[in-house]
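Here is a short briefing on one protein model. Look over the sequence and the fold, then read on.

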Amino acid sequence: MTAATAITPAATAARAIVYRTFGSQHGPIVRLMSPGDLGEFLKPFVFLDLFGFDTTGDHKGFGMHPHSGIATLTWLIEGDTLYEDTTGEQGVLRAGGVEWMRAGNGVWHDGAPAPGTKRVQGFQLWVALPAAEENAPAQSIYLAPSQVPKEGPARVLLGRYGAAQSPIPAPAPMNYLAVQLKDGEHWRYTPPAGHTVGWVAVSAGRLGTGTGGEPIGTGELAVFEESGAAIDFVARGDTSFVLGSAVKHPHELVMGHYSVHTSKAALDQGDAEIRRIGARLRQEGRLA
């Protein structure tokens, strides 16, 4: 069954789960959402990877690669990573920190485990940018763990929850939270007005939702019906997950290899800038 045929709202007392997936495995990466499948229904959230690997293996990092038309947000659950990007930023992102990369008109960046790090785990999310920002200058923001605000069991990676607001400027109305619940703990998420898009992805434990079905398992993504209703959760074992809610992105998704734009003209402009930066990096010996 495809995502397109599965996402049909269901009328139940609790906000219904309308699609579930464990994604597809690509080495140390589990791809839970892509622009060509679930991203079409969950936009502005268009891509989600859950990554995890031991540094003693063959995987040493992600290498320098480009984006345009989107912003990427990396939530680092475990391990420290080195980062570098073509806005001129470089340094170490600690476990519990956040990398925000608004690619805009085009950017290249990379990441690799920091020396002494034995294991790395986290989520990388892509957010489709509105037309006003999709070809804007690239912008990178790196938050140390202490700079990620918290309200109750939720860390606010993007947007606002309760009194806690992320210092990252969200490009459109959206929330992205990292939540930890103890075994048996209940938590209710009430989305802001207009946030009809809603989903969760679990990195540890199992998450009940009051719908009467099987709990959402480790490594699983669940999509909720489009509505403004609250979602109730209960942890089955100590549980960690990310949650996204948003006003629906009103634009088409026009896709390149590493890019998502609202039109072919905007994509062509971003591709041209990616090629220009790539040529410079090769001239500098930073790309093969």
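Two strands pair if DSSP finds at least two bridges between them. Strands (E, at least two residues) and helices (H or I, at least four) are DSSP runs, numbered from the N terminus. The model is predicted: local features need pLDDT of at least 70, side-chain atom pairs count only at pLDDT 80 or more, and totals for chains, interfaces and linings use all residues. Residues are numbered from 1 along each chain as its sequence is written, and side-chain values use heavy atoms, with hydrogens and water left out.

**Strand 4 and its partners**
- Strand 3 and strand 4 run antiparallel, joined by four bridges.
- In this pairing, Val30 stands opposite Leu50 of strand 4.
- Strand 4 also pairs with strand 11, antiparallel, over nine bridges.
- Here Leu48 stands opposite Leu125 of strand 11.
- Nine of the ten residues in strand 4 are buried (under 20% relative accessible area with a 1.4 Å probe, protein chains only).
- Pro44 sits in the loop between helix 2 (39-42) and strand 4.
- The peptide bond from Lys43 to Pro44 is cis, with omega near 25 degrees.

**Nonpolar cores**
- A nonpolar core is a set of buried Ala, Val, Leu, Ile, Met, Phe, Trp, Tyr and Cys residues joined through side-chain atoms within 4.5 Å.
- The largest nonpolar core has 35 residues, and Leu48 is one of those that touch the most other members.
- Contacts of Leu48 (heavy atoms within 4.5 Å) include Val30, Phe123, Tyr176, Trp199 and Leu221, not counting residues up to four places away in sequence.
- In soluble globular proteins, nonpolar side chains tend to be buried together.

**Pockets**
- On a 1 Å grid over the protein atoms alone, a pocket is an open set of points where a 1.4 Å probe fits, with protein on both sides within 12 Å along at least five of seven lines; lining residues have an atom within 4 Å of a point.
- The largest pocket holds about 600 Å³ of space.
- Of its 34 lining residues, the closest to the centre are Asp49, Phe62, His65, His67 and Gln124.
- Strand 10 gives the most to this lining, with five residues.
- The second largest pocket has a volume of about 190 Å³.
- Trp75, Arg155, Ala178, Val179 and Gln180 are the closest to its centre, of 13 lining residues.

Key. Points joined across faces, edges and corners; volume = space filled by probe spheres on them. Buried < 20%, exposed > 50% of the residue type's maximum accessible area, 1.4 Å probe, protein only.
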